[in-house]
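Please have the sequence and the model at hand.

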Amino acid sequence: MNQDELFKKLIAHSKEYGYIFPSSEIYDGLSAVYDYGQYGSELKNNIKRYWWEAMVRLNENIVGIDAAIFMHPRTWEASGHVGAFNDPLIDNKDSKKRYRADVLLEEHIAKLEEKVEKEVEKGRRKFGETFDEAQFRATNPNVQRNVAKADEVRRRMVDALTGNDLEAVRQLILDCEIVCPISGTRNWTEVRQFNLMFETKIGSVSDESSTIYLRPETAQGIFVNFLNVQKTGRMKIPFGIAQVGKAFRNEIVARQFIFRMREFEQMEMQFFVRPGEEMKWYEYWKAARIKWHRALGMGDENYRYHDHDKLAHYANAACDIEFNFPFGFKELEGIHSRTDFDLGNHQKFSGRKLQYFDPETNESYVPYVVETSVGVDRLVLSVLANSYCEEKVQKDGEEGGERVVLRIPAPIAPVKLAVLPLVKKDGLPEKAREVLSELRCDFNCQYDEKDSIGKRYRRQDAIGTPFCITVDHQSLEDNTVTIRYRDSMEQERVAINAVRGIMDEKVSLRSLLNKL
Ligand code: GAP
């Protein structure tokens, strides 16, 4: 199955099995807005808990808050979002499709880089054991030509975007001979800036002064509360403030399912440090965050760093942690060194001092900030994409045929275990309910007695339940059950009173947090 097919199947599966539905679907949905169903919301909650505990519980110097979505409109002037939170957009006159100009250019660069990697692979196959990759990259004319082209396009793009020179952005698209994927033509409009913030009105009088914004990032709720938290929590620098919450962006190109949404959720942490120490902490958080992702066990090779070519208006260093999605490596999390831009500007715009008195240096200063920012929805997508698997079943004790299984890491799986009486008679359902009542306060469990045991296993596989506890006739005699493992389909007989301990070890978040 190619990655395109996998992605389509994943979207269909997410809907069919109660993970993710298009928003207001009975009215034909709303573009780039999605609802999480009964399993999707459990998965999301588990991911959020994993993040929160890793941040707030494991770090003595990080605390969590929950700020409002609505903020004073001056917030967004100070943060630079009113003036600069724009995407450059361009339309194709023939297809009438709208694109982000920077994304068209980045995709063009990615294609050139792909050509380079293909050429290197060709060389590797041709020369076998004697292949010297460094020398090949330095001397092969095709590689050199495409590397030079990619570098040149990147340089011109960064210059044009940094200088807000929209005509130069358009010219670069024309020079690169980029065509619209729908119409296949190069009939492009001018490039225009488009602000991504959603506006709404507050109060009963609707005029200019009542315009407020739905927050496009949760971070500003942290900045405006910097002193509140520092003073009430008696926090000493370096310290962090964490938050999980909704953010809203009127994305121009909203596609790829829940990868780019108009309403989404972020988990952000602002780490306040001494000026001059930000690079040390930037490196620290880069390493800590990729470790957090990799602890999920979805393949270390599926994560990589990508340094930003063009820095956001607030950053002096920035990188993404990218994940290998079905549509390629794309941003999962951003790590940004935001300098004193935000606190400094809030100080200016509000007229309130936002400084920290450092008892060690006897100085007052506006702290610098290193931010980690990850999208909950992108994490959900990474987990689902990595988990989805179709396979043939050839296992003793299992019905043959095909199964679709979501191999979700057990500590974040929505349903941890299903309790299943082998048959719906002979006192097995009663015994199974006894087992269930022993476990359901500790774990999210399901009980199912309908259909054959094979069909029930398939249903649990499809929603990613890592363990099935089967109650059979032997259970009535010796108080044992079998644990059936989702991934291997192996079964193990254990005493009923040992089940809770075994499950706890396998599904508790502790197993992830201990790896950090
Ligand atoms: N406070 C910094 C900030 O918001 P960002 O790189 O714009 O930085 C951080 O966003 C993270 O939020 C991204 O890495 C991504 O995971 C998530 N995110 C951003 N826009 C999104 C969207 N439209 N849909 C889903 N997730 C999004």
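## Sheet and pocket

Gln 270 stands opposite Glu 371 in S16. Here a strand is a DSSP run of E of at least two residues, a helix a run of H or I of at least four, both numbered from the N terminus. The model is predicted: local features need pLDDT of at least 70, side-chain atom pairs count only at pLDDT 80 or more, and totals for chains, interfaces and linings use all residues. Residues are numbered from 1 along each chain as its sequence is written, and side-chain values use heavy atoms, without hydrogens and water.

Strands S10 (residues 263-273) and S16 (residues 368-375) run antiparallel, joined by eight bridges. Pairing requires at least two DSSP bridges between two strands. The open sheet has seven strands in the order S3-S9-S10-S16-S13-S12-S11, with mixed pairing. Its edges are S3 and S11; each has a single partner strand, so one side of each lacks a neighbour in the sheet.

| Edge strand | Residues |
|---|---|
| S3 | 62-65 |
| S11 | 303-307 |

Now the second largest pocket. A pocket is an open set of points on a 1 Å grid over the protein atoms alone, where a 1.4 Å probe fits, with protein on both sides within 12 Å along at least five of seven lines; lining residues have an atom within 4 Å of a point. This pocket is lined by 24 residues, and Leu 104, Glu 107, Lys 111, Val 179 and Pro 181 lie nearest its centre. Helix H5 gives the most to the lining, with seven residues. Strand S5 (98-100) and helix H5 (101-127) each supply at least two.
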